[in-house]
Each structure stands twice: as structure tokens, then as C-alpha cells.
Amino acid sequence: MSDQIPFRLVSNFKPAGDQPTAIKKLLETIKAGEQHQILLGATGTGKTFTIASCIQELQRPTIVLAHNKTLAAQLCSEFQAFFPDNAVSYFVSYYDYYQPEAYMPATDTYIEKDASINDEINKYRHAATHNLLTRKDVIIVASVSCIYGLGNVADYEALALTLERGQQIQRDKLLRKLTDIQYTRSGMEFRQSQFHVLGDTVEIFPPGGDTVIRIEVPFDEIETIQEVDSFTGELITDLQKVVIFPAAHNVTTKEKIDQAIDGIKQELDVREKQLHDAGEIAKAERIRTRTEYDIEMMMETGYCTGIENYMRYLNNNSKPDLPPSTLLDYFPDDFLMFIDESHISVPQVGGMYEGNRSRKQTLIEYGFRLPSAHDNRPLKFDEFEARTHQRIYTSATPGKYEYKHTDKKNIAEQIIRPTGLVDPIVTVKPTKNQIDDITRELNETIARGERILLTTLTKKSAEQLDEYLRDQGYNVRYLHSDIDTFERIEILRLLRTGEIDIIVGINLLREGLDLPEVSFIAILDADKQGFLRSRDALIQTIGRAARNVNGHVTLYADKETDAMRQALDETNRRRALQEAYNKKHGITPQTIIKAIHDIADGEKALELRRPKRDHTKIPKDEKKRLIAEMEAQMALAARNYEFEKAADLRDEIDLLKKEL
């Protein structure tokens, strides 16, 4: 571990509004050793700056958990700006596309694992673990990927190469060691996780960086170690010592593979006998053939497709169902965890284990995998709790879990905005003549040079509204779940620049994204019961208009539901506190000014999308099973507040039912 560089917060901002009180409260409870704290922060109150201020004061390694890649990328960008001298890393799933291994008994269909890895995100993941093992001033902004198996941290650290000037080592021995830790020799292109050799000069391109380590090894002794530019070869700095970490997190030694194979063979014999005794001859033959092929590949190359399914033996675990080694194991014991938008992130963490286990169970039952494949899994929720000693939940609408586990005295409320902005005025209007009323609002808002968000309850109504507004000559776009992340971010950027005036969608108002140009939001069918119109969903949607001084929201409804009343009461409570503070301190609210390019900070973080299904190729019996599976997915998405995904699933379920 190198000498620690202290966290140093760099910002033109000073704590204002409720921030000083919230920072003080959080610091008191964290220093007192409390495990659970809530930062109840209204939209636009500067929760990220509050978190950054706490990190600077506490000087402890920190993980910030976000519920999707785009939000994680935005948060990472903000923390990098706040801590330019410290190690701020981004850790999310490195798959651009991921189709897990699966088997569908009804159609006897086996689907092989298929994935496309994003090399840029993989680089960030390696940079994160490298930073955690070499320094203390580390902030990792992570998605739920942080609770999935990452390879044994002890092996990863033990297999790292420490090289120093003056060290005696043969060049060929150095190359062998690099090969052992998964580096490959470069061909036409020199890229991360490769090495290049020219005479006595060895160049190593670590997986987590953009610079190359150049080592001169004349006469079997390291003469120089230099960090050079990977493109130009220009010298950046001379080094006395360098640590080269493995090129893969799931890296192991030949000795461990040999030990693992013995364990795999023993389990294979037991499982094959079980299937034979049950009269399942085909399944017994299948598990024997597949496992022996994997063993042969591991013996020859040290790797096989699906090697993660043998982690029990590769990690030398003697007992089944032990928790996997994850990113959390790379942190020292005193780390902090901030859970952003906790009302979504906490249920998301809790839902990962069961979905993974259900898919694996089918593979095991039909002889595609050994029972030990269950050990390749995300953490269970109680295991996650055991590994995160102090958690701070940040949200405008904390969930039941957060309130249940947090003492009232450990809730820091951040309602007052440093800008003086107050929560928007919310009006309830009848649905009769709602289109005429919306048209009037659109004209007034566009005339002021501001933007509009219109949210509906179904895809059909969103499409109809989008088509109507286009026919009327409005500059409008419909944002839906089939639009990939690149295009989604571009649409939001065009809204901010004024090339688009209106966006129509179902749940297009993702938590955490800042759109200060938006001053009017219309919520249609506000009185319909369900997760899209729950108290928390309404509060989050209303909050999207809180970054503009002219912000106002209209709920179109013919009756007032409990959810509407609760959302209105909470919004009015916050607004009263904010107006009283502004009056007392003589503050005139100002619209937030935020650089347009900030919205695109997450462009490299691609979200996984559900594959489009061709219903004509699905047998009738399989459609029934698919409907049941998708209904379970819809319920989980609803519990996790993934509203647009849930609505999208509902529409597809309706289509399948009609076809049946």
C-alpha cells in the first residue's frame, strides 16, 4: 500500500441551505459507529456535494452504489470533478450484451452463454481493484455488479508481480510469469492485458490503465522501469518500483487447477450415479460428457467456457453455498457505503440472488451443470448486509427497509436547496379538455424558451399523444424502452439544447438525471392505482421540475387517490419549509445552470436491453410458460421501481395472451 494521499474536495461551492446541518448530522452518526443512516434529500438539494463533504472529513475508502449504469457514470463524473487528485473509479457490468446460459425444458432448447464485453468498462473495473489494493484515497461508483463474483482477492493480490530496479530476473522468466497471470503477447495491435518484447526491452500494458510500463532487462537484471504513453511511447515518469496485477480477476495457478479438477471429478461421479439411479440415463451421459470436456480444457489451457461454475473448487472451498468473493472484499474493513436512490437500489440488490438460482437449478436438474454451479452467484441480501458495515441511504423517498433499520435520530433531512429553488406548484385538473389545457401550457412554456415532459400510463396513450403533437407541429420525441442508451442520452441532450421542446413517455423521468430546462410536467391518468402512480413515483416525477424557477406540475385526474394526497402533502410540506427559509434569508430562487455536456457523461455505460422476441417462433405451450415467467419479472420490476420496464413487460404479456 503506497503512502496515502488525503481526500481533498475541490469545489467553488460552499455548504448552503440544509447542507451544513445534513453534513454535521451524518458525520455525527457515522463517527458514533451507527450502521444505518438516511440522507432524505429532495431533488436538486445537492446530495452529491453533501456526500463528498462527508468523504473529505472522514478520509475513508468509499463505495457509492447506483441502480443503473447511466446514473453511475454521471455520479462518477461528479466525484471526479470534486476529487481530481484522488482515485475515483467506475465499476459496472462490463457486458454490452449478455445472454446467460439457460435451458428451456418445454422445447428442449439449450441456450449457450453469449456475451459481448466492453473493453473500456473492463479497463475501469481493473483500475478500481488496482486502486483499492494500492491506496486508501479511493471512491468507487458501482452498480449492482459489485455483489457478483469477481475472483478470489487473495489470489489476485498474491499473483501480482512486484518489480524493482536492480532486481535479478531473467527476461524469459518474466515473460513466463506474465503469461501465467493471463497476459498475452501482442500481435498487430498493442492493447490492455498484453506485453510486447523487443530485445531486452519488455513493455507491459496493464488492464486498468492507458499507459504502458517499459522495463529494460539487460544481463538478467532490471535496469530501468518507466511509465510511457501507450500511443507515442513518450516518457511520462521513471519508476523505482511497480506492481503488475493479473490481467483477469478470475486468475488462478496450475496447482489450484489440479486440486480443483480432483474435486470436480469426485462431484461428477456422485452426480452421475444419482442420475443413473433415478433412471435419467440421458442426463447422466450429458453431465459426464460436458464436464469431462471442461476438465480437459482447463488442463490444457487453464481456462474453459463457463469456468465460473467451478468456483467452489478453484477457490478451494470445502463447503457448498459459501458466498462468492466480490468487489466488497477488496475494500478495507473501515469502508463506507452510500446507496444512491436507495428506494430503488436496495430492492434491486435483494432481488438478484433468487433470479440467478432459478435459472441455474434448471441447468443442474437436466444435466447441463453440476450442483456446485450454484456457488457462482451474487451475494444473498444478508451476506450483502454482513459485508457493508456502515450504510448511508440517500433518496428523496426512502423505502420501508431504510426506515425500518434507521433510528429516527439518524435521519438527516436536506430539503432546502442552495439555489433557493422551491418544490414546484402542483395543480390537479380534471381529464375533461385535458389536451386543450396541455396545449395551452405547451405554448406558454415554449414561448419562455423552456422544456416540457409529458408522462402517460401506457405505451399506446404515449404513442397517440406523440402522434397528435407531431401533427400539430410541435418538436416532440417519444422516449420508450426500445431506445438504447446512446440514443436515449442524445434525446435528453437535444431536449436540453432546445432542438426538442417536448418528450413524451411512460416513465421517462429516471431518478438522478438533471434537466434544469424543464419547467412543466404533465402527469396523465394520475388517479389510476398502481406502481406508476404510487406516492413515491409521483414525488419523484414532481421533483424533476424542481430545478427550474418556473417549475410547475399538473396532475390530470377525476378523483384524488391516497397516493396523490400523500404526494401533494409531502410536496407542500417541503415547499412551505423552502419558502420560509428563503424569506428569512432574503433569497431569490435561481434556475440551476448546468453544462449541457454533463448529460452525456454516461455514454460509455451501456444498459442491457431485453432481447426482442419473435413470437411466431415460440410454440404455444412455451408461450404459456413465457407469460408466467414474464409476469414474475414484471412483479419484480414493479417492486424495484423499474416502472418503464414493468409497463413494457405488461404490454408484451398482453400481446402474448391475445395470440393465445
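**Entry 1**

I started with strand β12 (residues 201-205) and strand β13 (residues 211-216), which pair in the antiparallel sense over 4 bridges. This is a predicted model, so I'm reading everything here as a prediction. The two strands β12 and β13 make a hairpin, with 5 residues between them. I looked for the residue facing Thr201 and found Glu216 of β13 opposite.

Then I followed β13 onward. It is joined to strand β14 (residues 224-229) by 6 bridges, and that pair runs antiparallel too. Here I noted Ile215 standing opposite Ile225 in β14. A reminder to myself: strands of a sheet pair through backbone hydrogen bonds, either parallel or antiparallel.

**Entry 2: the six-stranded sheet**

Next I wanted the strand order of the open sheet. What is the order of its 6 strands? I read β20-β25-β24-β21-β23-β22, with parallel pairing. At the edges I found β20 (425-429) and β22 (476-479), each of which pairs on one side only. From one strand to the next, the twist averages 20°.

Strand β21 (residues 451-455) and strand β23 (residues 502-505) run parallel and are joined by 4 bridges. For Leu454, I get Val504 in β23 as the bridge partner.

**Entry 3: helices lying on the sheet**

Which strands does helix α16 (residues 535-543) lie across? I count β20, β21, β24 (518-523) and β25 (552-556) under it, and α16 runs at about 150° to β24. Helix α17 (residues 562-585) lies across β20 and β25, and its direction is at about 150° to β20.

The axes of α16 and α17 come within 8 Å and cross at roughly 45°. That angle is why I call α16 oblique to α17. The crossing is right-handed. From α16, the contact uses Arg535, Leu538, Ile539 and Ile542; from α17, it uses Ala563, Met564, Gln566, Ala567, Glu570, Thr571 and Arg574. Sorted by class, I have 6 nonpolar, 2 polar and 3 charged residues in the contact of α16 with α17.

**Entry 4: α1 against α2**

The axes of helix α1 (residues 19-31) and helix α2 (residues 47-58) come within 10 Å, crossing at roughly 45°. So α1 also goes down as oblique to α2. The handedness of this crossing is right-handed.

Who meets whom? On the α1 side I listed Gln19, Ala22, Ile23, Leu26, Leu27, Ile30 and Lys31, and on the α2 side Phe49, Thr50, Ser53, Cys54, Glu57 and Leu58. The contact of α1 with α2 comes to 8 nonpolar, 3 polar and 2 charged residues.

**Entry 5: Thr439**

Last, a single residue. Where does Thr439 sit? I placed it in helix α13 (residues 434-447). Its side chain reaches the backbone oxygen of Ile435 at 2.8 Å. I then left aside the neighbours within four places in sequence, and Thr439 is in contact with Tyr468 and Tyr474.

Definitions and conventions: Residues are numbered from 1 along each chain as its sequence is written. This is a predicted model: local features need pLDDT of at least 70, side-chain atom pairs count only at pLDDT 80 or more; totals for chains, interfaces and linings use all residues. Side-chain values use heavy atoms; hydrogens and water are left out. Axes are lines fitted to C-alpha atoms, for helices over the stretch in contact, and angles run from 0 to 180 degrees between N-to-C directions. Angles under 35 degrees count as roughly parallel, over 145 as roughly antiparallel, 65 to 115 as roughly perpendicular and the rest as oblique. A crossing is left-handed if the near helix is turned anticlockwise from the far one by less than a right angle, and right-handed if clockwise. Contact means heavy atoms within 4.5 Å. Ala, Val, Leu, Ile, Met, Phe, Trp, Tyr, Cys and Pro count as nonpolar, Asp, Glu, Lys and Arg as charged, and the others, Gly among them, as polar. A polar contact is a pair of N or O atoms within 3.5 Å; within protein, one must be able to donate a hydrogen and the other to accept it, and residues adjacent in sequence count only if both atoms are side-chain atoms. Two strands pair if DSSP finds at least two bridges between them.
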